[in-house]
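Have a look at the structure first, then read on.

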Amino acid sequence: MSISIRLSDKESELIRKYAELNGTTVSEVMRQAILSKIENEFDIFLYEEAYKEYKSNPKTYTLEEAKKILDF
């Protein structure tokens with residue numbers, strides 16, 4: 001799939017130079033930036049959900065207790 005985005009000349013030059021410095025392509029820089037952003041936001045979402053659950057039941061476990069519960 002091909003996607004196009006509009007960039008200013010300054011933004012385009014910055015991305016192109018970054019790609020050159022890292023020995024990669026502009027496409028790869030953009031792909032990695034987008035995927036990283038999505039992953040970070042998903043991690044934040046998961047953290048917030050886990051924190052809500054913890055606040056409703058603040059029980060914590062030692063490592064040994066967790067291993068026993070998870071049958072490790």
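## Glu-41 and its partner

Glu-41 counts as partly exposed, at 46% relative accessibility. (Buried means under 20% relative accessible area, exposed over 50%, and partly exposed in between, using a 1.4 Å probe and protein chains only.) The side chain of Glu-41 meets that of Lys-37 in a salt bridge, 3.0 Å from N to O. A salt bridge here is a side-chain nitrogen of Lys or Arg within 4 Å of a carboxyl oxygen of Asp or Glu. Both residues sit in helix 2, four residues apart, or about one turn of the helix.

Keep in mind that this is a predicted model, where local features need pLDDT of at least 70 and side-chain atom pairs count only at pLDDT 80 or more, while totals for chains, interfaces and linings use all residues. Residues are numbered from 1 along each chain as its sequence is written, and side-chain values use heavy atoms, with hydrogens and water left out.

The structure holds seven salt bridges. Side chains of opposite charge can pair when their charged atoms come close. Another of them joins Arg-31 and Glu-28, at 2.8 Å from N to O. These two are three residues apart in helix 2 (residues 26-56), so about one helical turn separates them. Arg-31 is partly exposed at 42% relative accessibility, and Glu-28 is also partly exposed, at 25%.

Over in helix 1 (residues 9-21), Glu-13 and Arg-16 are three residues apart, again about one helical turn. They form a salt bridge whose closest N and O atoms are 2.6 Å apart. Glu-13 has a relative accessible area of 30% and Arg-16 comes in at 33%. Both belong to a network of salt bridges that also links Lys-17 and Glu-20.

## The whole chain

What is the pattern along the sequence? It reads α-α-α, with three helices and zero strands. (Helices, H or I of at least four residues, and strands, E of at least two, are DSSP runs numbered from the N terminus.)

The chain has a radius of gyration of 21 Å, whereas a compact globule of 72 residues would be near 11 Å. That radius is taken over C-alpha atoms, and the globule rule is 2.2 Å times the number of residues to the power 0.38. Along the principal axes, the C-alpha atoms fill a box of roughly 55 × 25 × 25 Å. As for burial, 4% of the 72 residues count as buried.
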